[in-house]
Amino acid sequence: MPSFVITEKCDGCKALDRTACQYICPNDLMVLDRESSKAINRAPDMCWECYNCVKICPTQAIEVRGYADFMPLGGVVQPLRSSDAIMWTVKFRDGQIKRFKFPTRTTPEGSAVPDAGFETSSDDLKSPLLRTEPASTGMDDLEKI
Amino acid sequence: MSIANNFETVEVHTDILILGGGMAACGAAYEAAHWAKKNNLSVTLVDKASMDRSGAVAMGLSAINMYLGLKEGKNTLSDYVKYVKNDLMGIARDDLVANIGRHVDASVHLFEKWGLPIWKDEDGKYVNEGRWQIMIHGESYKTIVAEAAKNALAELGDKGQYIERVFITDPIMDGDRCVGAIGFSVRENKVYIFRAKTVLATMGGAVHVFKPKSVGEGLGRSWYPPFNSGASAYFTLKAGAEMTCQEVRFVPVRFKDAYGPVGAWFLLFKAQATNALGENYMQTRAPELEKWAPYGEAKPTPTNLRNYLMMLEIEEGKGPIFMRTDEAIQRIVDSIPDEKEAKRKLKELEKEAWEDFLDMTVSQALLWASTNIKPEEKPSEISATEPYFISSHSGASGAWVSGPEDLAPEGYKWGYPNMTTVRGLFAAGDASGASSHKFSSGSFTEGRIAAKAAASFCVDNPDLPALPEERLNELKEGMLKPLELFNTHKGYTQDPNINPNYIRPQMFMFRLQKIMDEYAGGASSGFKTSAPLLEKGLENLAMLREDMASLAAEDTHELMRCWENIHRIWQAESHIRTMLFREETRWPGYYFRSDFPELKEEDWKCFANCRWNPESGEWEMLKRDVIDMVD
């Protein structure tokens with residue numbers, strides 16, 4: 001089903017200026033249900049299981065139940081994402097649990113500097129050199145064929 | 001009262017208009033911002049979703065598949081061009097591939113500086129997955145790249161902006177020049193009209209044109225994302241641009257059902273794929289490759305031929321096909337004599353295997369968990385998926401674009417780099433054709449190339465073109481018609497899904513998928529088709545096209561679904577027409593023409609291009625030369 005919202009845990013992001021899952025879903029599926037003021041995945045069969053709603057939910061109210069037309073029940077994969085790493089808990093159908101942690105970025109969030117310290121050598125719009133080149137290529141000039 | 005009256009019209013004027021929000025669009029915004037600042041231009045990016053997680057890299061990636069390692073002297077540019085062309089059975093634009101290739105490493109170096117963690121070995125060098133691929137911890141890849149693009153736009157002050165959740169439906173033309181785009185907000189009752197000096201189409205490839213193998217909830221588990229719905233192909237076709245390689249679909253072979261990546265298993269862990277009897281079909285069926293010489297005999301074997309050998313196994317009833325993950329891991333562990341060290345290695349490999357899925361296809365990890373699969377203990381099934389349109393990977397469909405001034409041979413350049421045959425309209429990423437194997441890094445890079453060229457076009461053509469008012473009203477009415485139709489007729493029946501006055505977009509999509517699957521060589525037809533089948537498919541498609549006028553939408557979300565399917569149908573038609581035009585089989589494993597079952601180098605070692613003529617409404621088919629720049 002893809003992603004689903006746990007009724008008790010979802011507070012509709014009341015305290016925030018936007019509903020987090022609705023903001024992030026790349027397929028415009030997550031939506032705030034007017035009656036319950038809680039989020040819902042309005043078209044589970046269009047869900048890519050990209051987990052972006054799961055990762056962004058501030059109350060951890062969203063999980064994923066695998067596509068029922070080919071996944072046996074019982075498996076769970078749940079992430080917990082911080083500003084520089086992600087921790088995954090994988091629960092198998094037979095109950096075994098594995099945990100994995102991976103880095104996600106090496107710089108503080110928001111800090112990406114476009115030029116990244118490289119200079120652009122030419123102001124010529126007709127030159128093939130792009131922004132930050134050739135410095136960012138690590139070579140003196142563009143490679144030739 | 002017309003529904004259109006409930007919609008506010010927002011008009012945005014900009015010099016450079018970037019359509020899309022994925023890797024190519026972010027590259028375009030990044031580059032455009034720099035040249036715009038130097039030349040006093042404005043830049044606007046329009047995304048149907050949220051840039052942080054839009055496009056094909058929304059979930060993340062576990063590898064960057066295009067890194068040449070030029071500064072390390074690992075490869076030459078010519079090596080890459082040769083590799084790409086052979087993988088596409090001899091059909092590629094060397095100038096475009098080389099142009100992306102000479103810039104792509106720089107883009108990857110930028111990603112690293114921005115914060116993308118790239119795997120390093122003990123000497124601090126990138127860890128290669130294969131010759132052209134490097135491993136990353138890529139869960140946040142798109143977020144990081146989008147951040148840099150947004151920061152670049154911010155450097156322009158009020159001359160740089162991005163607008164999210166606006167779905168673009170159509171190009172706006174002034175004669176033969178593209179002067180903007182029209183779309184609507186999927187969240188508010190607003191129509192957007194963008195008036196621009198140049199327009200960049202970077203809206204990704206097309207998914208759900210063919211019937212997928214999973215049709216229940218798993219419908220959404222397409223290999224490429226379901227939100228890439230053919231907007232680029234539609235936009236460029238509608239503008240009257242010449243298209244190339246519209247027959248060159250891509251059929252990925254992936255882990256069965258959840259479509260997890262196989263690259264790390266084949267290249268990094270050196271796993272073998274075998275039939276149920278344990279036979280490696282790449283070895284047992286090697287003689288078949290000779291039929292597809294010279295491409296079949298070169299190494300590495302082209303992607304479609306690897307698919308094809310696997311499909312032959314299945315036809316002979318030798319499935320299931322397995323990726324022998326257990327054997328691969330055992331082989332690596334066995335090569336370490338020290339027992340303690342071997343144990344440590346096993347743990348490390350297990351972690352790497354899981355990260356490969358968790359970074360980019362979480363569903364596959366969930367399928368492993370749901371079926372109690374531990375890859376070090378048990379092999380997993382692989383299978384062909386359904387066809388996709390994605391020129392950034394091993395497909396090639398997209399607009400025919402002008403090559404770089406200093407590289408392109410005559411015949412491949414008619415203006416600015418990456419400009420389509422329509423003045424002012426540029427294309428990059430999945431929107432531009434015949435430059436496959438760009439992947440994430442190359443798409444970003446091609447967006448940069450196109451954006452710099454677009455800035456140059458703006459400086460050379462400083463007048464902001466006028467918009468054709470009458471045409472705009474027509475486009476606006478047409479855009480919102482599905483809402484009108486639903487509103488007018490919804491009360492007629494008890495069930496709003498079944499109403500003779502309209503068709504809702506989901507059923508419309510299923511009808512398209514069924515036509516494509518059964519007539520145009522989809523998965524359940526064994527990827528085989530022929531002229532009589534294709535002609536019948538076109539006949540059915542013509543009626544579906546007529547029924548586009550009966551699409552109905554309850555709200556703006558469903559209105560987007562209506563338009564996505566209008567876009568898909570154009571991708572579908574250009575695909576069928578071009579397969580029909582090319583009277584040979586060149587990419588078995590992607591599709592097979594049973595009436596022309598062989599490669600015909602003499603007649604068909606060329607591009608099959610097409611163009612929809614906006615004046616006559618007719619399709620034109622034409623051949624273009626393949627010009628070899630490397631031996």
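What percentage of contacts in chain A between residues at least 6 apart in sequence join residues at least 24 apart?

1. That share is 40% in chain A, where a contact means two C-beta atoms, placed from the backbone, within 7 Å. The model is predicted: local features need pLDDT of at least 70, side-chain atom pairs count only at pLDDT 80 or more, and totals for chains, interfaces and linings use all residues. Residues are numbered from 1 along each chain as its sequence is written, while chains are lettered from A and ligands numbered from 1 in the order in which they are written.

2. Chain A holds 2 helices and 7 strands (DSSP runs numbered from the N terminus: H or I of at least four residues, E of at least two). Their order along the sequence is β-α-β-β-α-β-β-β-β.

3. Along the principal axes, its C-alpha atoms fill a box of roughly 60 × 40 × 30 Å. Of the 145 residues in chain A, 41% are buried (20 or more other C-beta atoms within 10 Å of the residue's own; exposed is 12 or fewer, partly exposed in between; C-beta atoms placed from the backbone).

4. In helix α16(B), the buried residues are B:Leu533, B:Leu534, B:Gly537 and B:Leu541. They lie on the same side of α16(B) because their arc around the axis is only 85° (from the directions from the helix axis to the C-beta atoms). Their cover includes α15 (505–519), β16 (528–529) and α17 (556–581) of chain B. Exposed on the other side are B:Pro532, B:Glu535, B:Glu539, B:Ala542, B:Met543 and B:Glu546.
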